[in-house]
Amino acid sequence: AGLMLGLGLAVGLGGKDVISGILAGYYVRKRFQAGDRVTIGDINGTIREVGPVSTVLDVPGTQRIVPNTKMLHEAVR
């Protein structure tokens with residue numbers, strides 16, 4: 001019983017980050033869409049794609065992948 005409790009706790013805590021990332025993706029897709037120009041911290045770019053757990057930004061010379069949880073928790077302009 002103790003082993004099952006420990007396993008359930010480990011899976012529950014590990015899955016918390018995945019679930020919060022997916023929920024953040026849902027809210028980010030409602031607020032932003034491809035082509036929007038955004039500034040997140042020191043990153044300035046254009047949204048290429050909003051995925052389930054991360055957003056792809058086109059920045060001059062490269063692409064950056066930003067977790068959707070960061071898109072929700074930091075100031076996005």
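The model is predicted. A search of the whole structure gives one aromatic pair, and the salt bridge count also comes to one.

**Aromatic pair**
- Y26 and Y27 make up the pair, with ring centres 5.1 Å apart and 75° between the planes.
- The arrangement is edge-to-face, because an angle over 60 degrees falls in that class.
- Y26 belongs to helix α1, which spans residues 2-31.
- Y26 has a relative accessibility of 41% and counts as partly exposed.
- Y27 is also partly exposed, at 45% relative accessible area.

**Nonpolar surface patch**
- Patch membership requires over 30% relative accessible area; Y26 has 41% and Y27 has 45%.

**Salt bridge**
- The side chains of R48 and D58 form the salt bridge, with an N to O distance of 3.1 Å.
- R48 is in strand β2 (residues 43-50) and D58 is in strand β3 (residues 54-59), so the contact ties together parts that are ten residues apart in sequence.
- R48 is partly exposed, with a relative accessibility of 48%.
- D58 is partly exposed as well, and its relative accessible area is 27%.

Note on methods. Residues numbered from 1 in each chain as written. Predicted model: local features only at pLDDT ≥ 70, side-chain atom pairs only at ≥ 80, totals over all residues. Heavy atoms only, no water. Phe/Tyr/Trp six-rings, centres within 6.5 Å; stacked < 30°, edge-to-face > 60°. Buried < 20%, exposed > 50% of the residue type's maximum accessible area, 1.4 Å probe, protein only. Helix = DSSP H or I, 4+ residues; strand = E, 2+ residues; numbered from the N terminus. Salt bridge = Lys/Arg side-chain N within 4 Å of Asp/Glu carboxyl O.
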